Amino acid sequence: MDTTQSVVERSTIKKVAIRLVPFVALMFFINYLDRTAISFAGPNGMTTDLALSAAQFGFASGVFFIGYILLEVPSNLALHKFGARRWLARIMVSWGIVSLLFTWVGNVEQLYILRFALGVAEAGFFPGAILFLSLWVPAKHRSKILALFYLAQPLTTVVGAPLAGALIQQHNVFFGLEGWRFMFFGVAIPAILIGVISWFYLADSPAKAKWLTSEEKTWLIGALEKEKSATSDGGKHASVRTVFGNGRVWMLSAIYFGFIYGLYALGFFLPTIIKGFETQFGSKFDVFQQGLITAIPYLPAAVALYFWSKDATKRGVKTWHIAVPALTGAISIPLALFAGSPAATIAVITITAMSIFAALPNFWTVPTQFLTGAAAAAGIALINTVGNLAGFSAGYITGWLKDWTGSYTVPMFVVGGFMFLSSILMVVLSRRGKAPEGLRATAMDTAAAGKPSQG
């Protein structure tokens with residue numbers, strides 16, 4: 001019986017990994033490329049054509065997150081109510097249409113409006129995707145599944161940066177558009193197409209999955225229901241209102257803030273920093289070469305993400321799986337300022353990227369250890385909302401400090417400071433008993449070890 005169950009379990013998880021993860025990862029790939037396309041457009045014509053200062057560019061990069069934050073929790077609750085298939089498809093088509101409009105942006109005011117609208121359109125996608133995948137696998141398999149999904153983010157830059165560079169080089173080739181405008185056009189169309197396809201491809205729950213056998217459905221539904229019963233701890237975590245008063249959720253939100261601050265400070269300004277190598281070191285690169293250099297840190301980051309998460313799956317997610325990468329990133333990013341060549345600068349930034357991406361998929365296994373149902377939808381969305389405040393802060397503060405000081409020295413020390421804070425908070429969270437000891441990735445351990453925070 002145990003052997004049969006083990007065979008069914010393996011085949012079920014394999015099917016979920018093959019059927020759902022690559023497609024949802026493709027959606028995430030397009031999502032991240034569309035929201036960061038401005039980072040490639042900025043130093044390659046948009047900043048000059050729209051007469052943007054560094055602070056204006058940073059504000060345009062960050063204002064996306066204001067719209068995103070306003071609708072994040074409501075959007076994820078709507079996903080829980082209406083189903084992932086309908087809601088994720090709606091989100092993709094909406095942001096694809098808004099992304100397309102960037103092709104014809106004419107001034108800084110229009111840029112601000114479109115970036116805000118893009119955030120509104122994308123609201124709920126990332127936490128919705130995390131929630132969707134979490135609803136398809138028991139906790140002990142979650143770290144592996146989320147790691148495979150998260151591979152799309154660094155690979156977006158590995159593939160997307162050279163792709164953006166190639167599109168930008170098509171200056172006045174298609175429809176007489178400037179290269180950066182054609183790049184926006186080229187990355188928007190896939191969002192609309194994949195959004196339509198997702199309506200027909202995704203299933204809302206294992207019970208509706210025609211590609212699972214009846215035996216596999218029975219095992220998966222049973223495993224998830226058993227885990228839900230254990231994790232909910234008698235229903236104490238079931239209400240959405242409880243989430244907003246839960247100390248663990250808010251501390252996890254603060255930890256995520258530091259990671260996202262580092263992620264987007266690099267994401268939005270790395271192409272600009274590389275563009276500055278010509279002035280700083282006398283090294284000149286064309287647009288496509290700049291795209292290739294931008295991609296360099298993210299391929300090792302994808303490798304680090306995979307193997308670090310594989311270890312976390314094997315051992316169970318521990319505090320150090322999240323805290324150590326945060327500390328490494330905190331130390332490495334300011335060191336990039338003292339590198340004496342483009343190669344040395346990129347090498348140090350690569351360590352930072354590896355650190356951020358090694359931690360993120362393991363981080364996202366923690367909320368679903370003690371939250372289920374509508375509370376999980378609200379909790380994940382709340383953590384992502386607070387984290388995405390860093391998306392706005394990183395873009396605007398980095399640009400403002402650059403204008404104020406004349407260099408990226410102070411902004412990068414600020415990035416390191418936030419990541420250091422994430423590392424400290426992760427250790428504090430564990431030692432104060434706010435998270436399950438060792439952050440074990442099993443619902444039963446969580447239910448036994450973690451109680452609701454009273455303040």
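Biologist: At what angle do α17 and helix α21 (residues 409-431) pack, and how far apart are their axes?

Modeller: In this predicted model, the two helices pack at an angle of about 160°, and their axes are 8 Å apart.

Biologist: Why is α17 called roughly antiparallel to α21?

Modeller: Angles over 145 degrees count as roughly antiparallel. The angle here is about 160°, so α17 is roughly antiparallel to α21.

Biologist: Which hand does the crossing of α17 and α21 have, left or right?

Modeller: The crossing is left-handed.

Biologist: Which residues of α17 and α21 meet?

Modeller: From α17, they include Ile322, Ala326, Ala330 and Ile333. From α21, they include Phe413, Met419, Phe420 and Met426. By class, this contact has 14 nonpolar, 4 polar and no charged residues.

Biologist: Which residues of α17 are buried?

Modeller: Among them are His321, Ile322, Ala323, Pro325 and Ala326, and also Gly329, Ala330, Ser332, Ile333 and Pro334.

Biologist: Turning to His141, where is its place?

Modeller: His141 lies in helix α8 (residues 139-150).

Biologist: What makes His141 buried or exposed?

Modeller: Buried means under 20% relative accessible area. His141 has 18%, so His141 is buried.

Biologist: Which residues does His141 touch, not counting those up to four places away in sequence?

Modeller: His141 touches Glu9 and Ile13.

Methods
Residues are numbered from 1 along each chain as its sequence is written. This is a predicted model: local features need pLDDT of at least 70, side-chain atom pairs count only at pLDDT 80 or more; totals for chains, interfaces and linings use all residues. Side-chain values use heavy atoms; hydrogens and water are left out. Helices (H or I, at least four residues) and strands (E, at least two) are DSSP runs, numbered from the N terminus. Buried means under 20% relative accessible area, exposed over 50%, partly exposed in between (1.4 Å probe, protein chains only). Contact means heavy atoms within 4.5 Å. Axes are lines fitted to C-alpha atoms, for helices over the stretch in contact, and angles run from 0 to 180 degrees between N-to-C directions. Angles under 35 degrees count as roughly parallel, over 145 as roughly antiparallel, 65 to 115 as roughly perpendicular and the rest as oblique. A crossing is left-handed if the near helix is turned anticlockwise from the far one by less than a right angle, and right-handed if clockwise. Ala, Val, Leu, Ile, Met, Phe, Trp, Tyr, Cys and Pro count as nonpolar, Asp, Glu, Lys and Arg as charged, and the others, Gly among them, as polar.
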